[in-house]
Amino acid sequence: QVQLVESGGGLVQAGGSLRLSCAASGNIYSINGMGWHRQAPGKQRELVAAIASGGNTNYADSVKGRFTISRDNAKNTVYLQMNSLKPEDTAVYYCNADLRMGYWHAPTVYWGQGTQVTVSS
């Protein structure tokens, strides 16, 4: 069994900052990519940021220069530092991890339960 548990969401004023964390636990052999997606009401889930096991990162154009993704491989944890938040950043944020439960297991993507981020104007 594998679990991804997010924390750090909440309510913040425009221009403020939040830091999201997501810890993966359970029967984990290795983790490849990790990332964050978000889904606003009435909209499709979209990629926010992703980070490969080697540290390469990828960001949505809408968050470049404001958000920073990082990971601690020893803790199986991925972070999302969000600065200069805007009302349009309001959404449920989901973390994901592409991981293997054993040497002979195929990579599988697991998702967290989501954490609400609300930015007031």
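Trainee: Where is Met-34 found?

Mentor: Met-34 is found in strand β4. A strand here is a DSSP run of E with at least two residues, a helix is a run of H or I with at least four, and both are numbered from the N terminus. Before we go on, this is a predicted model, in which local features need pLDDT of at least 70 and side-chain atom pairs count only at pLDDT 80 or more, while totals for chains, interfaces and linings use all residues. Residues are numbered from 1 along each chain as its sequence is written, and side-chain values use heavy atoms, with hydrogens and water left out.

Trainee: Why is Met-34 called buried?

Mentor: Buried means under 20% relative accessible area, exposed means over 50%, and partly exposed lies in between, with a 1.4 Å probe and protein chains only. Met-34 has a relative accessible area of 2%, so the residue counts as buried.

Trainee: Which residues does Met-34 contact, beyond its neighbours within four places in sequence?

Mentor: A contact means heavy atoms within 4.5 Å. By that rule Met-34 is in contact with Ala-50, Ile-51, Ile-69, Arg-71, Asn-76, Thr-77, Val-78, Asn-96 and Ala-97.

Trainee: Which other residue has a positive phi of about 50° although it is not a glycine?

Mentor: Ser-84 does. Ser-84 is placed in the loop between β8 and β9, and at 40% relative accessibility it counts as partly exposed.

Trainee: How do you know whether Gln-3 is buried or exposed?

Mentor: Set its value against the cut-offs: Gln-3 has 52% relative accessibility, so this residue counts as exposed. Gln-3 belongs to strand β1. Leaving aside neighbours within four places in sequence, Gln-3 is in contact with Ala-23, Ala-24 and Ser-25. Gln-3 and Ser-84 are 30 Å apart, C-alpha to C-alpha, and 81 residues apart in sequence.

Trainee: And why is Ser-21 classed as it is?

Mentor: Ser-21 has a relative accessible area of 18%, so it is buried. This serine is found in strand β3. Not counting residues up to four places away in sequence, Ser-21 touches Val-5, Glu-6, Ser-7, Trp-36, Val-78 and Tyr-79.

Trainee: What makes Asn-27 partly exposed?

Mentor: Asn-27 has 44% relative accessibility, so it counts as partly exposed. Its place is in the loop between β3 and β4, where it touches Gln-1, Val-2 and Met-101, residues up to four places away in sequence not being counted. From Asn-27 to Ser-84 the C-alpha separation is 37 Å, and the two are 57 residues apart along the chain.

Trainee: What makes a group of residues a nonpolar core?

Mentor: A nonpolar core is a set of buried Ala, Val, Leu, Ile, Met, Phe, Trp, Tyr and Cys residues joined through side-chain atoms within 4.5 Å. The largest one here has 30 residues, and Trp-36, Leu-80, Met-82 and Tyr-93 touch the most other members. Elements giving two or more residues to this core include β1 (2–7), β4 (30–39) and β9 (91–100). The largest share, 5 residues, comes from β9. In soluble globular proteins, nonpolar side chains tend to be buried together.

Trainee: How many helices and strands are there in the protein?

Mentor: There are 0 helices and 11 strands. Buried residues make up 39% of the 121 residues. Among contacts between residues at least 6 apart in sequence, 56% join residues at least 24 apart.

Trainee: How do you know what radius of gyration a compact globule would have with 121 residues?

Mentor: The radius is taken over C-alpha atoms, and the globule rule is 2.2 Å times the number of residues to the power 0.38. For 121 residues a compact globule would have a radius near 14 Å, and the protein has 14 Å, so the two agree. The C-alpha trace spans about 50 × 25 × 25 Å along its principal axes.
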